[in-house]
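Trainee: Could you take a close look at a single part of this model and describe how it is arranged and what surrounds it?

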Amino acid sequence: MTTPGSDSEEQPSAPDPAALAGRERLSEQVARTGMFGVSGTGDTSGYGGLKVRRPPQLASPRPYGSYFDEIADALAAAMSGTGSSYDDAIPQVVISNGEMTMYVQREHLPAVAAMLRDDPALYFEMCLGVSGVHYPQDAGAELHAVYQLLSITHNRRVRLEVTAPDGDPHVPSLVAIYPTCDWHERETWDFFGLVFDGHPALTRIEMPDDWRGHPQRKDYPLGGIPVEYRGATIPPPDERRSYE
């Protein structure tokens with residue numbers, strides 16, 4: 001108990017976790033600016049000053065927890081039986097928010113997917129979709145294809161992610177392994193320009209056949225065509241009034 005006039009010093013208060021998290025976030029590298037990450041056209045979204053920061057993607061150490069170690073061990077055992085190297089095919093595994101992402105070298109993608117589907121310890125029978133992502137700041141790995149796999153037998157999920165450079169945007173198709181990838185790979189090609197080698201009919205699925213470019217890339221210009229709605233015409237983004 002402190003008495004009046006004592007020389008006791010006040011204990012420093014604990015640092016504010018929110019303030020620490022904010023300073024840590026601001027120290028991360030800026031991944032892009034603005035709402036859409038484009039430059040040279042009018043950004044009329046009102047988010048021109050937005051700075052999007054992204055921490056570096058670090059590999060998760062073992063043990064991963066949950067059933068993730070069992071997936072990694074079973075896949076490594078299946079690959080060793082074929083003479084393949086798990087570490088060569090999957091250089092990075094990230095566990096985040098209770099989800100497992102395996103980063104697969106693109107030349108190994110079909111073999112890894114086939115083992116995940118066919119090995120009794122894995123049995124990922126379903127591919128729920130293929131998504132494209134464009135990271136212009138990732139030199140040599142600007143384009144990403146993401147596959148969500150589901151094991152009905154074991155009630156487990158895993159995500160595969162493969163990258164390709166802008167200069168060589170080719171990834172092996174998985175239609176022969178997961179037929180549900182057919183339209184999803186077409187959509188990813190349509191919007192991001194990823195070429196899925198071996199796809200039976202890689203044509204546009206959303207945009208017109210004569211459309212130029214791939215509109216969900218970060219470097220795609222915001223300009224477009226006027227939109228008519230109930231008699232009113234809305235100009236394309238690069239012709240609208242810019243609020244600065």
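Mentor: In strand β7, R159 has Q148 standing opposite. This is a predicted model, in which local features need pLDDT of at least 70 and side-chain atom pairs count only at pLDDT 80 or more, while totals for chains, interfaces and linings use all residues. Residues are numbered from 1 along each chain as its sequence is written, and side-chain values use heavy atoms, leaving out hydrogens and water.

Strand β7 covers residues 156-164; strands are DSSP runs of E, at least two residues long, numbered from the N terminus. Strand β6 (residues 143-151) runs antiparallel to β7 and is joined to it by 9 bridges; pairing requires that DSSP find at least two bridges between two strands. The two form a hairpin with 4 residues between them, and N155 in the turn has a positive phi of about 55 degrees. Strand β4 (residues 99-103) also pairs with β7, in the parallel sense, over 3 bridges.

Of the 9 residues in β7, 7 are buried, where buried means under 20% relative accessible area, exposed over 50%, and partly exposed in between (1.4 Å probe, protein chains only). By contrast, I152, in the loop between β6 and β7, is exposed, with a relative accessible area of 55%. For the chain, buried residues make up 33% of the 244 residues.
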